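The structure comes first, then the details.

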Amino acid sequence: MSATLPRELTLFRLKRSVILGIKSLWMHKLRSLLTALGIVFGVASVISMLAIGEGASYEAQQQIKELGSQNIILESVKPTNTTTAGEQERSLILEYGLTYRDIAQIQATVPGVTVTVPTREIKDFLWGGPNSVDGVAIGTVAWFPTMKNRDIVRGRYFNEIEMKDRSPVCVLTESLSRKLFPLKDPIGQTVRMQTSYFRVVGVIEDDPAVAAASEDLKGSSESGEGMEMMIPISTLEDHFGEVLFKYRSGSFEAEKVELHEVTARIDDPDRVMPAALAIQHILERNHKEVDYKMTVPLDLLRRAERTKQIFNIVLGSIAAISLLVGGIGIMNIMLATVTERTREIGIRRALGAKKKDIVFQFLIETVILSGAGGVLGVALGLGVPLMVSYFAGMVTIIQFWAPTLAFGISVTIGILFGIYPAFRAADMNPVEALRHE
Amino acid sequence: MLESGSTVKLRSRADQNADPVIELRGVEKHYLMGDFLVKALKGIDLKIFPGDYISILGPSGCGKSTMLNILGCLDQPTVGEYFLDGVDVAQLTDDDLSSVRGKKLGFIFQSYNLIQQLSVVENIEVPLYYQGVHEDESRVIAVELAKKVGLGKRLDHKPTELSGGQQQRVAIARALSNDPSVILADEATGNLDSKSGSDILQIFDDLNAEGKTLIMITHDEEMAKRTPRVIRLKDGEIGYDTYLHGDK
């Protein structure tokens, strides 16, 4: 017949083969759909699991980063093994936790420690005029906001002079200020705790972790979470003494805790882990019992990253298995199709089709099937994380490579699992194929 | 054209002085059935000339199907030579055999053998597609052939929407699409009622009148009376080969 350019020829053949493939698959719509479903769910699960996993680990990392990646956080913890003794001698004062001596030693001996923020807390009712709330007075230092990455919303934070002078000044968190002074400007007002009065000099933003938690509970911050009043640690000591008395539900408890929390900042991220080890040693030496807890955000971050890797491997294996199952489903159906269309293969061979034409035809069909499954799977896989974010309020992150990769894998699976049925079709004896009923 | 009717014999248009389209020399085909060697064809010598209109007759089991498969290049002889347009097809590879089938042969089967998912035109286009003829060109040829066999108004119908006679006419158009040297018809009217059957045979007569070479394989003696040349196969050998109404 006529001479055509070979390149054009292949393009035209490809187009015709794709149209033919779609027609053949369309003849068995339900069967094709069900076969493709295996791939659809495989691809969708890959994308949505990755998105949910990525979102969860992002959230975790974000929370850890808020703690400050160069910080080491020490907290006082009531020792567990003394509670039995404490029950018998309830009137005795329970003494535990971090001490000024610990800080002094850490600052003096651990290399790279630049700033430490000691805090001490007292929980009681806070009064602002006629309003009161169950809150907490936190005794801390002037550089607390910089260390904790928290912004001053109004006024100012107390300074080092006020610390030295043991001035009765305080800074309220946003939610506390709203509670105590709903209509007034809080600056210049006084807040009372027990018998002490403090002048408000500024308002600081809420602790991001607490804010996130209360947002989940839709603003039910009645529990006292986030109701914090920051005062100089020296002032706190002056007004409330060293021993804390608690009168709760009829019982009486006395505790002596020098410091509730200490945050140490290390100047170089590379020195965080050695510093943490050194601090651990100092505390082990100073404390007979484990009445403290050390949190290293950087360590948590690394652990979170490692967890994420493991998570990804697990998800990857599940996804691989589901895609494999989908691929086997495709192969199964293609083998059935080849048997069913034996006569068609015979006719085509009689009419001049070469073996490779038959291979190509069936391979194209498998790729269309798996490719269409891949496209539907990507659509579903992009939709599911959106639904999860909307209904469950979880953060989901779809990385651009995830749908691409999933689609690529589905097409590859189509080719891999299509090869055997296609060659089986092509290797049929034309005479026998034509006689096939 | 002569009046149609099974008793009317046509004058052969074969040009016996020309080079034969098909020449078989000592063709044998052996099969292994279990432990037995079965000789389906035992030394066939045959020349078919351009314009020949032949019936190959014989009871079942005489080697008719084997003969068709070999003539149709679907199978290769065990022994012997087969020249199709001067080319020895007994020596060709599988791919080359496919090309030969696609270029030089047209098949018409008893059960029509149309591809179910394709329309009338698309079915006619199949041989052209495998020859690499471009879509635009093959569409023109296919439409023309569909009109020629009287299916100009059913171009986009699927085979399942057609009667048996119509399907067989699609198959004829398909066999003509690549302008073959030889058309092979295997019991072409076997599945049809007598009216549709005689319509199909009329088309064959017309095609031969246009100079096409046709080989019909049949067991129907009445049909064989229509063709100027009749070949009888008996136990894998040519029992009888004559021009019934030939003038040469």
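This is a predicted model. In chain A, helices H2(A) and H13(A) make a right-handed crossing. H2(A) covers residues 29-66 and H13(A) covers residues 355-392. Their axes come within 6 Å and cross at roughly 40°. Angles from 35 to 65 degrees fall between roughly parallel and roughly perpendicular, and H2(A) and H13(A) are therefore oblique to each other. Their contact has 18 nonpolar and nine polar residues, and no charged ones.

Chain B has a helix pair of its own to look at. H3(B) packs with H5(B), residues 164-176, at an angle of about 35°. The axes of these two helices are 7 Å apart. The crossing of H3(B) and H5(B) is right-handed. From H3(B), the contact takes Val120(B), Asn123(B), Ile124(B), Val126(B) and Pro127(B). H5(B) supplies Val170(B), Ala173(B) and Arg174(B). By class, that makes six nonpolar residues, one polar and one charged.

The two pairs are set out below.

| Helix pair | Axis distance | Angle |
|---|---|---|
| H2(A) and H13(A) | within 6 Å | roughly 40° |
| H3(B) and H5(B) | 7 Å | about 35° |

Now to the meeting of the chains. How many residues of chain B are in contact with chain A? There are 24, and they touch 23 residues of chain A. Three helices of chain B each give two or more residues to this side: H2 (94-104), H3 (120-130) and H4 (135-148). H2(B) gives the most, with six residues. By class, the side of chain B that touches chain A has eight nonpolar, 10 polar and six charged residues.

Conventions:
Residues numbered from 1 in each chain as written. Chains lettered and ligands numbered in written order. Predicted model: local features only at pLDDT ≥ 70, side-chain atom pairs only at ≥ 80, totals over all residues. Contact = placed C-beta atoms within 7 Å. Helix = DSSP H or I, 4+ residues; strand = E, 2+ residues; numbered from the N terminus. Nonpolar A, V, L, I, M, F, W, Y, C, P; charged D, E, K, R; others polar. Axes fitted to C-alpha atoms, helices over the stretch in contact; angles between N-to-C directions. Parallel < 35°, antiparallel > 145°, perpendicular 65-115°, else oblique. Left-handed = near helix turned anticlockwise from the far one by under 90°.
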